[in-house]
Amino acid sequence: MGSIKPLPDAVRSSVRSATILFDLTRVVEELIFNSLDAAASKVSVFLSVGSSYVKVVDDGSGISRDGLVLLGERYVTSKLNHLSDLDAASSSFGFRGEALASVSDVALVEIVTKAYGRPNGYRKVIKGSKCLYLGIDDDRKDTGTTVVVRDLFYNQPVRKKQMLSGPKKVLHSVKKCVFRIALVHPMVYFNLIDIESEDELLSVHPSSSPLPLLMSGLGIEDCACLQKLNASDGSLKLSGYISGPCDDFTSKAFQYVCIH
């Protein structure tokens, strides 16, 4: 992951900084994206819908103190330096490194991180893109980052009420989100835990292929019904699995397409 720094003025005027966070699932998605951009091989998500609480723990590259000072401010990212970067082939999830700023607009955000090769870990607390605390924190011994989101949508009562009115629906939505991400990152370990019930909603172990997850997640007993796709034309690459026209996968609920 590149170093975290403010976007140049010319880029600021041409891109939208804010990320729209309309539900808890989108918050989880953005936090996982940041973990993957930090080259994490393990991502754990802990949820408590009733407490409006999210925690995402990864073993990625971590964040240096200098980067942490800037983290959470508007127009600060590690994913974009020039407008041309938007059109360049990239393995990162766009320029949305400012997602933490958007999360801090609707929640209290705590980041505990330890960068690779650094002797100390650090902790930062932000709210409304403003730093409430920044200091050394050695609770985290291993390289990586933990992001804790508390009291989500405290200042948006309609969205909070909607979230709390259907906790099972929210948990199902988050599970589907993590499942989708895991399908296209088969080498990463994912797990999702509901803190309130202490249930492990999803556990995905690393694999060289998404096929095991595809079969277990969709209840497919015979992999012979799936045909492997692997084609390329210059910079365009297509890979995955597809069922035949006579198979029983007629519902769009079984269709997953990732365009990156």
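Residues are called buried under 20% relative accessible area, exposed over 50%, and partly exposed in between (1.4 Å probe, protein chains only). The structure is a predicted model, in which local features need pLDDT of at least 70 and side-chain atom pairs count only at pLDDT 80 or more, while totals for chains, interfaces and linings use all residues. Residues are numbered from 1 along each chain as its sequence is written, and side-chain values use heavy atoms, with hydrogens and water left out.

**The whole chain**

Begin with the protein chain in a cartoon view. The protein chain holds 7 helices and 12 strands; helices (H or I, at least four residues) and strands (E, at least two) are DSSP runs, numbered from the N terminus. Of its 260 residues, 44% count as buried. Switch to a surface view: the accessible surface comes to about 14300 Å², and 53% of this belongs to carbon and sulfur atoms. These areas come from the Shrake-Rupley method with a 1.4 Å probe, and for residues only the protein chains shown count as cover. A contact means heavy atoms within 4.5 Å. Among contacts in the protein chain with a separation of 6 or more, 62% are between residues 24 or more positions apart.

**Salt bridges**

Next, display the charged side chains. Side chains of opposite charge can pair when their charged atoms come close. A salt bridge is a side-chain nitrogen of Lys or Arg within 4 Å of a carboxyl oxygen of Asp or Glu, and a search of the whole structure finds 6 of them.

Select Arg74 and Asp105. These two form a salt bridge, with the closest N and O atoms 2.1 Å apart. Asp105 lies in the loop between α4 (99-104) and β5, and Arg74 in the loop between α3 and β4 (76-77), so the pair ties together parts that are 31 residues apart in sequence. Arg74 is partly exposed, with a relative accessible area of 29%; Asp105 is partly exposed as well, at 28%.

Select Glu110 and Arg150. Their salt bridge has its closest N and O atoms 2.8 Å apart. Glu110 belongs to strand β5 and Arg150 to strand β8 (residues 144-150), so this pair ties together parts that are 40 residues apart in sequence. Glu110 is buried, with a relative accessible area of 13%, whereas Arg150 is partly exposed at 34%.

Two further stops complete this part. Lys160 forms a salt bridge with Asp151, the closest N and O atoms being 2.6 Å apart, and Asp151 is partly exposed, with a relative accessible area of 37%. Arg26, Glu29 and Glu30 are linked in a network of salt bridges.

**Lys114 in strand β5**

Move along β5 (residues 108-114) to Lys114. Lys114 is buried yet has no salt bridge; the nearest side chain of opposite charge is that of Asp138, 7.3 Å away. A polar atom of the Lys114 side chain lies 2.7 Å from the backbone oxygen of Arg118. Not counting residues up to four places away in sequence, Lys114 touches residues including Ser61, Gly62, Ile63, Asn120 and Arg140.

**Two serines**

Select Ser64, in the loop between β3 (53-58) and α3 (65-70). Ser64 is partly exposed, with a relative accessible area of 24%. A polar atom of its side chain lies 3.2 Å from the backbone nitrogen of Gly67. Leaving out residues up to four places away in sequence, Ser64 touches Ala115 and Arg118. The C-alpha atoms of Ser64 and Arg118 are separated by 7.9 Å, although the residues are 54 apart along the chain.

Then select Ser44, in strand β2 (residues 42-48). Ser44 is buried, with a relative accessible area of 8%. Its side chain makes a polar contact with the side chain of Asn191 (2.6 Å); such a contact is a pair of N or O atoms within 3.5 Å, where, within protein, one must be able to donate a hydrogen and the other to accept it, and residues adjacent in sequence count only if both atoms are side-chain atoms.

**Helix α7**

Finish at helix α7 (residues 211-218), whose buried residues are Leu211, Leu213, Leu214, Met215 and Leu218. These buried residues pack against α6 (167-183), β10 (199-204), β11 (226-233) and β12 (236-243). Just after α7, Gly219 takes a positive phi of about 70 degrees.

Methods:
Lys, Arg positive; Asp, Glu negative; His and termini not counted.
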